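The sequence and structure come first.

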Amino acid sequence: MATNNAANFGTGTSGQVLTSNGAGVAPTFQAAAGGSAMVVTTYTANDTWTANAGTKWVEFYLWGSGAGGGSGRRGAAGSDRFGGGAGGAGNCVVYTVDKSRVTSPLTVTIPAGGAGGAGQGSDDQNGTQGSVGAIATIGSYSSALSANFGQGGQAASANGGSAISSTITAFQASFGAGGAGTAANGSQPASVTRGYGSSGGGGGGGINTANTVGDGGLGGAIENLAGSTIIAGGASGASGAAGGTGGAASTGIFMTGGTGASKTTTPGAGGTGGLPGGGGGGGGASLNGSTSGAGGTGGAGMIMVIEHL
């Protein structure tokens with residue numbers, strides 16, 4: 001589905017542009033009247049984009065989907081059982097193209113998030129890794145790189161999906177790594193602080209040799225260049241509870257990565273990554289006899305097209 005939208009000013013129809021109505025009055029979508037204007041179209045599902053007749057140049061913003069988190073280890077009492085590692089965030093690439101170089105219509109393909117690793121159903125076995133994310137495409141333009149999966153929880157480690165970045169154009173953004181699973185509280189990944197990158201999920205909580213259970217890690221936050229948090233990561237799952245989803249889209253269009261979860265005899269699943277391209281959280285570890293927590297699914301991809309008239 002494609003929608004033309006900006007901030008909280010409502011939804012227009014194809015070919016309309018956001019237009020000022022004067023000081024102190026909210027802008028509205030109106031028919032383009034010539035001069036300098038923009039048409040913004042956001043795609044969250046497969047579709048077709050057709051350029052407006054008056055378009056002079058175009059910006060394509062493409063976010064790949066986030067990777068899935070790994071599930072937790074299932075093991076015996078008295079052993080270290082790590083929660084699953086979280087999935088990494090999807091890549092973002094921006095293309096700036098003169099309209100004369102674009103032949104529309106173009107096919108829009110929006111990828112689903114990478115699947116989380118299935119919970120481990122056998123005793124004394126490591127968790128299952130998540131699946132990588134996928135690229136978004138519009139015509140021949142793509143988000144180029146796939147997000148990295150979260151590793152399944154083991155007896156000694158559980159790595160999150162590593163961060164990725166792209167310099168395929170002059171634009172570069174940073175894309176969050178997934179948090180590691182641990183034998184205690186899951187790890188929160190580093191915040192994303194530059195460009196349009198999404199964040200990774202939080203690592204799954206585990207159980208140590210003293211049989212102490214840990215909570216899941218927070219999802220990665222998004223910060224501004226001054227280091228202040230503008231979107232918090234998703235809340236961590238408490239021991240035995242499922243992880244939450246990505247943080248609310250309270251600023252701009254972005255949500256952060258899913259959280260990890262932890263375990264008791266009822267382990268928690270990792271949270272779902274936010275839109276666009278947040279990493280799925282890691283699942284919690286479990287005691288033999290109970291299926292470990294599944295990894296969370298990565299957030300879906302997205303494409304935004306800005307036409308300059």
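The model is predicted. Its largest nonpolar core has 18 residues, and Trp-49, Phe-60, Ile-138, Ile-303 and Val-305 touch the most other members. Four strands, S6, S8, S9 and S17, each supply at least two residues of this core. A second, separate core holds eight residues, including Cys-92, Met-302, Met-304 and Ile-306.

Trp-49 deserves a look. Beyond its neighbours within four places in sequence, Trp-49 is in contact with Tyr-43, Val-58, Phe-60, Val-102, Ser-104, Pro-105, Leu-106, Val-108, Ile-138, Val-305 and Glu-307.

Now to strand S9. Its side chains alternate. Leu-106 and Val-108 point to one face and are buried.

| Partner of S9 | Residues | Sense | Bridges |
|---|---|---|---|
| Strand S5 | 47-49 | antiparallel | three bridges |
| Strand S10 | 137-138 | antiparallel | two bridges |

On the S10 side, Thr-137 is the bridge partner of Thr-109.

The whole chain comes last. It has 17 strands and zero helices. Of its 309 residues, 49% are buried. Among contacts between residues at least 6 apart in sequence, 65% join residues at least 24 apart. The chain exposes about 11700 Å², with carbon and sulfur atoms supplying 52% of that area.

Technical notes
Residues numbered from 1 in each chain as written. Predicted model: local features only at pLDDT ≥ 70, side-chain atom pairs only at ≥ 80, totals over all residues. Heavy atoms only, no water. Core = buried A, V, L, I, M, F, W, Y, C linked by side-chain atoms within 4.5 Å. Buried < 20%, exposed > 50% of the residue type's maximum accessible area, 1.4 Å probe, protein only. Contact = heavy atoms within 4.5 Å. Pairing = 2+ DSSP bridges. Areas by Shrake-Rupley, 256 points an atom, 1.4 Å probe, with all protein chains shown as cover.
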